[in-house]
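Take a look at the model below. The text walks through it site by site.

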Amino acid sequence: MRILGIESSADETVASVVEDGHKLLSNVVASSVDLTTAYGGIVPEIAARSHLEVITPVIEKALRSAKTGWDKIDAIAVTQGPGLIGSLLIGVLTARTLAIAKNKPLYAINHVQAHVFATFLTETSLPGYKLSAKQPEFPLLALIVSGGHTQLALFKSHTSYKLLGQTTDDAVGEAFDKVAKMLGLPYPGGPSIEKAAQKGNPKAIKLPYAKLENPYDFSFSGLKTAVLRAAQAVSGHDYTFPSSGLPEALTQAQKVDIAASFQHTAVQTLVDNLKKAYEQYQPASVVIAGGVAANQKLRKQASAQLSTPVIYPDIKLCTDNAAMIAALGYFQAKSGPKPTSPYSLEVDPSLKM
Ligand code: KG4
Ligand code: ZN
């Protein structure tokens with residue numbers, strides 16, 4: 001069964017063809033990240049316009065690169081949410097139109113849940129992918145960490161899961177992005193912080209860990225404020241000093257120490273909850289997915305502290321992609337919610353897991 005996946009929830013327009021939920025036939029990405037970088041973050045109108053310009057060629061290229069045609073596509077899977085409304089609309093309207101015109105079943109996909117399914121891709125003849133040989137097993141404990149989400153979930157099957165915990169404020173990727181901005185490091189903040197942190201001392205600044213009622217929930221806004229206060233103090237100012245002045249006021253040595261200390265605390269917060277859930281639920285597999293899963297310090301701390309190997313998507317499938325959308329589409333087609341009506345599918349910018 002071949003599924004065309006379409007993803008347009010943020011600033012990347014992606015189309016992918018996946019066979020039987022595990023074989024990656026194509027993954028074509030067009031990104032407006034250059035524009036995003038120029039503005040220091042996603043500008044929703046620019047992202048939506050960019051999706052509109054490239055979505056048709058991206059889909060055509062995904063079919064060509066998979067060496068397939070519409071006659072061999074069995075279904076379409078599209079991100080319904082969460083995400084930016086203007087961006088989601090372009091993907092969903094395109095998928096609805098194609099589903100009607102080509103007479104294909106249409107599956108509505110939750111983007112956050114789909115991040116986990118990047119680890120179900122085990123085979124490809126495309127160059128440059130390092131996929132794990134075997135799919136994760138159930139029960140599956142998943143930590144989904146991205147720019148918009150921080151979720152800890154226990155999957156009983158591909159389509160049935162229990163949400164154990166989530167962030168009560170900022171997503172962890174968002175915290176990386178905001179701290180990077182504070183230090184004057186380029187967007188996206190995750191890779192910038194990771195690079196700066198390599199030269200810094202993770203113990204230079206003591207930062208707080210949030211204590212929450214649900215032991216599996218996360219909070220990063222207090223950490224972000226603590227980083228701000230520490231940066232103001234080490235640069236010789238008080239709490240009234242504006243964060244916009246910090247990139248000038250801090251020395252390079254102070255910046256790398258702040259980056260390393262923040263990264264250490266943010267990563268340890270994630271690993272602590274993952275470890276608690278692992279010990280309580282004894283899952284058969286543990287997956288970390290989403291943009292922040294690319295972080296090497298997270299991988300190191302998780303493997304040092306968990307008594308089981310963690311499964312990660314290929315680095316190119318950690319950030320937003322359509323292969324994960326197509327893979328989850330396959331499992332929904334097999335055993336999940338029925339196909340949706342292409343005449344009435346609406347986007348859901350705040351779709352929950
Ligand atoms: O999954 P993703 O591409 O988009 C969302 O669904 O949000 O994740 C993007 C997020 C950004 O916040 C980015 O800063 C973060 O993932 N990120 C990282 C790293 N690479 C990307 N965070 C920490 N370390 C990294 N190496
Ligand atoms: Zn994502």
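His 111 and His 115 are both buried, where buried means under 20% relative accessible area, exposed over 50% and partly exposed in between, with a 1.4 Å probe and protein chains only. This is a predicted model, in which local features need pLDDT of at least 70 and side-chain atom pairs count only at pLDDT 80 or more, while totals for chains, interfaces and linings use all residues. Side-chain values use heavy atoms, with hydrogens and water left out; residues are numbered from 1 along each chain as its sequence is written, chains are lettered from A and ligands numbered from 1 in the order in which they are written.

The two histidines sit four residues apart in helix H4 (residues 111-116), so about one helical turn separates His 111 from His 115. Helices here are DSSP runs of H or I with at least four residues, strands are runs of E with at least two, and both are numbered from the N terminus. What do these histidines coordinate? The zinc ion (ligand 2) is held by NE2 of His 111, NE2 of His 115 and OD of Asp 320, at 2.0 to 2.2 Å. Donors are N, O and S atoms within 2.8 Å of the metal (3.2 Å for Na, K and Ca); water is not among the atoms, so sites may look incomplete. Along the chain the donors of the zinc ion follow the spacing H-x3-H-x204-D.

Why is the arrangement irregular? The four donor atoms around the zinc ion subtend angles of 94 to 142°. Four donors count as tetrahedral if all angles lie between 85 and 135 degrees; four count as square planar and six as octahedral if opposite donors are over 155 degrees apart and all others between 65 and 115; anything else is irregular.

Ligand 1 is next. There are 19 residues around ligand 1, and Gly 147, Asp 177, Gly 190, Glu 194 and Asn 295 come nearest. Near means that a heavy atom of the residue lies within 4 Å. A polar side-chain atom of Asp 177 is 2.7 Å from an oxygen atom of ligand 1. Glu 194 places a polar side-chain atom 2.7 Å from a nitrogen atom of the ligand. Gly 291 uses its backbone: an N or O atom lies 3.0 Å from an oxygen atom of ligand 1.

Val 179 belongs to helix H5 (residues 172-182). Val 179 is buried, at a relative accessible area of 0%. Val 179 and Glu 194 are 15 residues apart in sequence and 11 Å apart in space, C-alpha to C-alpha.

Now the aromatic rings. Rings of Phe, Tyr and Trp (its six-membered ring) pair if their centres lie within 6.5 Å; planes under 30 degrees apart count as stacked, over 60 as edge-to-face and the rest as tilted. The count by this rule is 10 aromatic pairs. Phe 155 and Tyr 161 form a tilted pair, because their centres are 5.1 Å apart and their planes meet at 40°. Phe 155 is buried at 0% relative accessible area, whereas Tyr 161 is partly exposed at 25%. Tyr 216 and Tyr 281 are also a tilted pair, 6.3 Å centre to centre with 50° between the planes. This pair links distant parts of the chain, 65 residues apart: Tyr 216 is in the loop between helix H6 (189-197) and helix H7 (221-234), Tyr 281 in helix H9 (residues 252-281).

Definitions and conventions:
A polar contact is a pair of N or O atoms within 3.5 Å; within protein, one must be able to donate a hydrogen and the other to accept it, and residues adjacent in sequence count only if both atoms are side-chain atoms.
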